[in-house]
Amino acid sequence: MKRWLLRIGAILAVAILGLTVLNAQWLAPEPKGGVKLVTAAGLGPASGCGGSAPYHGFAPNSLASILRADKLGAAMVEVRVGQGADGAVLLPVGPACGDAEPASLADLLPQLTRHARLMFNLTSADARLTEGVLDSLAEAGRDPAQERDGFLGSPEALAVIRARHPDVWAWNPDEAEACSRDYILIGWTGFLPGSCKGKTMLVRLDNQIVYWGWPNRLLARMEAEGGNVVISAPGADPLSGIDLPEQIGEVPSTFNGYLWVDDAFAILPALYPRFDTRRQAEIDATARALSERRSQR
């Protein structure tokens, strides 16, 4: 009996060692590049402005808000689009505020900087909206695959996107959360679940530790299968974004995926000060807003 116990113990020890090596993030190749910030509804906030302009004065998802986020250094800017009388339009977020008058994609696209990337949030499953967005891009001469744009929406909307642009990034939070759950269950084996292959994984900022091989090994597995990884902030909404500069410090230094941001006016200058074009009055307003936000946490 003692001999059998020793054998079982040895087998378990070897198995544990093997799993440790298999999922050791420090043995994985270091990811290339750095974190890429996706700013919600332009400068945000994603929840809207409750009838009055945000502290920075830009209505969420307005033309001015989207363009300012781009110029402040966002890797991608989330653009919420809906169906208007004359095609796809930028949707005001929440009650109207500030300069939240709807603008068309035709108004937006010519004003973007050369390297701008957009994450189109398709707010309806209606195929007419999706087709309208794609037609607007085609008319503007913008190839979403070449420009590395992305699309966020319902399965029905994404089916249209994938049919016309099979190589473009198209995803929704439900699929991304399913990938996350499956990976937590079987990621220890070294295999990537089918729900993650070529798809998106959503990782909450406060539970990174439960992901096998985080971050380097996981990133290598997702990259090998053509997937993307997005970090979101804690909250009821799966796409809650970070809204304090110090939260950037909670992201691993080798993480080269995407980080969802809810207050781009505060976060982007903290990470990319060379692009900070805020006036002193705007900087002071940001400091006051952050101070109030921290006091409420």
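Is Ala-41 buried or exposed in this structure? Ala-41 counts as buried because its relative accessibility is 0%, where buried means under 20% relative accessible area, exposed over 50% and partly exposed in between, with a 1.4 Å probe and protein chains only.

The structure is a predicted model, in which local features need pLDDT of at least 70 and side-chain atom pairs count only at pLDDT 80 or more, while totals for chains, interfaces and linings use all residues. Residues are numbered from 1 along each chain as its sequence is written, and side-chain values use heavy atoms, with hydrogens and water left out.

**Confidence**

The protein chain has an average pLDDT of 87, and 85% of the residues score at least 70; pLDDT is the predictor's confidence in each residue, from 0 to 100. Over residues 4–22, however, the pLDDT is below 50, and beyond near neighbours in sequence this stretch has eight contacts in the model, a contact being heavy atoms within 4.5 Å. Where pLDDT is low, the predicted coordinates should not be read in detail.

**The loop between E1 and H2**

Helices (H or I, at least four residues) and strands (E, at least two) are DSSP runs, numbered from the N terminus. Ala-40 is found in the loop between strand E1 (36–39) and helix H2 (63–71), and Ala-41, Pro-45 and Asn-61 lie in the loop between E1 and H2 as well. Ala-40 counts as buried because its relative accessibility is 0%, and, not counting residues up to four places away in sequence, Ala-40 touches Ala-46, Glu-78, Trp-260, Val-261 and Asp-262. The C-alpha atom of Ala-40 is separated by 7.7 Å from that of Asp-263, although the two residues are 223 residues apart along the chain. The peptide bond from Gly-44 to Pro-45 is cis, with omega near 0°.

**Two packed helices**

Two packed helices are described by the angle between their axes and the distance between the axes. Helix H4 (residues 127–139) and helix H5 (residues 155–164) pack at an angle of about 35°, with their axes 8 Å apart; axes are lines fitted to C-alpha atoms, for helices over the stretch in contact, and angles run from 0 to 180 degrees between N-to-C directions. On the H4 side the contact is made by Ala-127, Thr-130, Glu-131, Leu-134 and Asp-135, and on the H5 side by Ala-157, Val-160, Ile-161 and Arg-164. Ser-136 also lies in helix H4; Ser-136 is buried, with a relative accessible area of 18%, and touches Leu-105 and Leu-109, not counting residues up to four places away in sequence.

**Nonpolar cores**

A nonpolar core is a set of buried Ala, Val, Leu, Ile, Met, Phe, Trp, Tyr and Cys residues joined through side-chain atoms within 4.5 Å. The largest has 58 residues, and those with the most contacts inside it include Val-79, Leu-105, Phe-120 and Val-133. Leaving aside neighbours within four places in sequence, Phe-120 is in contact with residues including Val-79, Leu-105, Val-133 and Phe-151. A second, separate core of 14 residues includes Trp-171, Leu-202, Val-230 and Leu-239.
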